[in-house]
Amino acid sequence: MSCAENEDLSREVEELRNQLHELRVQLTFGLQRFSGSDEDIRFYTRFPSYDHLMAFWWLIEPSIHKMVRVSRAKAAAKKNEDVSHSRMSGV
């Protein structure tokens with residue numbers, strides 16, 4: 001293999017690595033993707049910056065296991081309502 005062929009292949013490998021990196025970034029949707037842009041963080045979360053968002057997260061993270069999603073709470077309330085209603089009607 002000649003030196004020129006080796007350089008061509010090295011450039012092609014580098015280009016393919018860059019393409020792979022770009023594809024991985026496109027496929028990864030996470031807050032870290034937007035951490036460099038306060039404008040994006042503000043758009044998606046309404047927090048003024050990534051640092052503010054992370055400060056809030058660190059504050060609530062210890063308690064997240066106690067949180068209940070609204071849909072789960074509504075389903076539980078509806079179930080209790082149905083049970084109470086059926087008891088009252090004698091069904």
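Two rings of Phe, Tyr or Trp count as a pair if their centres lie within 6.5 Å. Keep that cut-off in mind, because by this rule the count comes to three aromatic pairs. One more thing before you start clicking: the model on your screen is predicted.

**Stop 1: the rings**

Select Phe34 and Tyr44 and show their side chains. A pair of aromatic rings is described by the distance of the centres and the angle of the planes. Here the centres are 4.9 Å apart and the planes sit at 40°, so Phe34 and Tyr44 make a tilted pair. Now colour by helix: Phe34 belongs to helix 2 (residues 31-34) and Tyr44 to helix 3 (residues 38-45), so this pair ties together parts that are 10 residues apart in sequence.

Is Phe34 buried or exposed? Phe34 is buried, with a relative accessible area of 11%. Tyr44 counts as partly exposed, at 49% relative accessibility.

Next, pick Phe47 and Phe56. Their ring centres are 5.3 Å apart with the planes at 35°, so this pair is tilted. Phe47 is partly exposed, at a relative accessible area of 23%, and Phe56 is partly exposed too, at 38%.

**Stop 2: the loop between helix 3 and helix 4**

Go to Arg46, which is in the loop between helix 3 and helix 4. Check its backbone: Arg46 has a positive phi of about 70°, although it is not a glycine. Arg46 is exposed, with a relative accessible area of 67%.

Slide along to Ser49, which lies in the loop between helix 3 and helix 4 as well. Ser49 is buried, with a relative accessible area of 9%. Which side chain does the side chain of Ser49 make a polar contact with? Show His52 and you'll find it: the two side chains are in polar contact at 2.6 Å. While you're here, display Asp38 and Ile41. Leaving aside neighbours within four places in sequence, these are the residues Ser49 is in contact with.

**Stop 3: charges on helix 1**

Jump over to helix 1 (residues 3-27), where you'll find Arg11 and Glu7. Side chains of opposite charge can pair when their charged atoms come close. How many salt bridges does the count come to? The count is two, and Arg11 has a part in both of the ones you'll look at here.

- Select Arg11 with Glu7: they form a salt bridge, with the closest N and O atoms 3.8 Å apart. These two are four residues apart in helix 1, about one turn of the helix.
- Select Arg11 with Asp8: their side chains meet in a salt bridge at 3.1 Å, N to O. They are three residues apart in helix 1, again about one turn.

Arg11 counts as partly exposed at 46% relative accessibility. Glu7 is partly exposed at 43%, and so is Asp8 at 42%.

**Stop 4**

Zoom in on Ile64: it lies in the loop between helix 4 (50-60) and helix 5 (70-89). Ile64 is partly exposed, with a relative accessible area of 35%.

Notes:
Residues numbered from 1 in each chain as written. Predicted model: local features only at pLDDT ≥ 70, side-chain atom pairs only at ≥ 80, totals over all residues. Heavy atoms only, no water. Buried < 20%, exposed > 50% of the residue type's maximum accessible area, 1.4 Å probe, protein only. Phe/Tyr/Trp six-rings, centres within 6.5 Å; stacked < 30°, edge-to-face > 60°. Polar contact = N/O pair within 3.5 Å; in protein donor to acceptor, adjacent residues only side chain to side chain. Contact = heavy atoms within 4.5 Å. Salt bridge = Lys/Arg side-chain N within 4 Å of Asp/Glu carboxyl O.
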